[in-house]
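Please look at the sequence and the structure first.

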Amino acid sequence: MRSAAEERLRSIPWERLRGVAPLLDGPLAEALAGADAADVLARALRGLPGLDAPGRAAVAEAVLGVALWRRRLR
């Protein structure tokens with residue numbers, strides 16, 4: 001039996017990160033360094049104007065997820 005959190009993560013369209021994943025290296029590094037995740041996400045999404053809604057959701061989950069786990073592990 002899967003938890004609700006696991007089901008939510010499974011529903012994220014991770015495949016939409018293909019092709020844009022290299023462009024997330026900088027934003028993910030910023031989030032890991034402790035920068036405000038919302039600001040990092042906003043800049044990252046502005047840099048990817050052609051991304052569709054599922055792609056934007058995957059980027060948001062990646063950036064915010066990294067920031068969240070950084071805080072949890074600290």
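## Helix packing and salt bridges

The crossing of H3 and H4 is right-handed, a crossing being right-handed if the near helix is turned clockwise from the far one by less than a right angle, and left-handed if anticlockwise. The model is predicted: local features need pLDDT of at least 70 and side-chain atom pairs count only at pLDDT 80 or more, while totals for chains, interfaces and linings use all residues. Residues are numbered from 1 along each chain as its sequence is written, and side-chain values use heavy atoms, without hydrogens and water.

Helices here are DSSP runs (H or I, at least four residues), numbered from the N terminus. Helix H3 spans residues 37–46 and helix H4 residues 53–73; they pack at an angle of about 150°, with their axes 10 Å apart. H3 is therefore roughly antiparallel to H4, a term for angles over 145 degrees. Axes are lines fitted to C-alpha atoms over the stretch in contact, and angles run from 0 to 180 degrees between N-to-C directions.

On the H3 side, the contact (heavy atoms within 4.5 Å) involves Ala37, Ala38, Val40, Leu41 and Leu45, which meet Arg56, Val59, Ala60, Val63, Leu64 and Ala67 in H4. By class, the residues of this contact of H3 with H4 are ten nonpolar, no polar and one charged. Ala, Val, Leu, Ile, Met, Phe, Trp, Tyr, Cys and Pro count as nonpolar, Asp, Glu, Lys and Arg as charged, and the others, Gly among them, as polar.

H4 also packs against H2. The axes of H2 and H4 come within 8 Å and cross at roughly 25°, so the two helices are roughly parallel to each other, as angles under 35 degrees are classed. This crossing of H2 with H4 is right-handed. Pro27, Leu28, Ala31 and Leu32 of H2 make the contact with Ala62, Val63, Val66, Ala67 and Arg70 of H4. The contact of H2 with H4 has eight nonpolar, no polar and one charged residues.

The whole structure holds six salt bridges, each a side-chain nitrogen of Lys or Arg within 4 Å of a carboxyl oxygen of Asp or Glu. The table lists some of them.

| Salt bridge | N to O distance |
|---|---|
| Arg2 and Glu7 | 3.6 Å |
| Arg10 and Glu6 | 3.3 Å |
| Glu30 and Arg43 | 2.5 Å |

Arg10 and Glu6 both lie in helix H1 (residues 4–11), four residues apart, about one turn of the helix. Glu6 is partly exposed at 31% relative accessible area, where partly exposed lies between buried (under 20%) and exposed (over 50%), with a 1.4 Å probe and protein chains only. Arg2 is partly exposed at 46%, and Glu7 is partly exposed at 38%.

Glu30 forms its salt bridge with Arg43. This pair links distant parts of the chain, with Glu30 in helix H2 (residues 25–32) and Arg43 in helix H3, 13 residues apart. Glu30 is partly exposed at 32%, and Arg43 is partly exposed at 40%. Salt bridges that share partners join Arg2, Glu6, Glu7 and Arg10 into one network.

One further residue of H4 may be noted: Ala53 has its place in this helix. Ala53 counts as exposed, at 57% relative accessibility. Ala53 and Pro13 are 40 residues apart in sequence and 10.0 Å apart in space, C-alpha to C-alpha.

Terms used:
Parallel < 35°, antiparallel > 145°, perpendicular 65-115°, else oblique.
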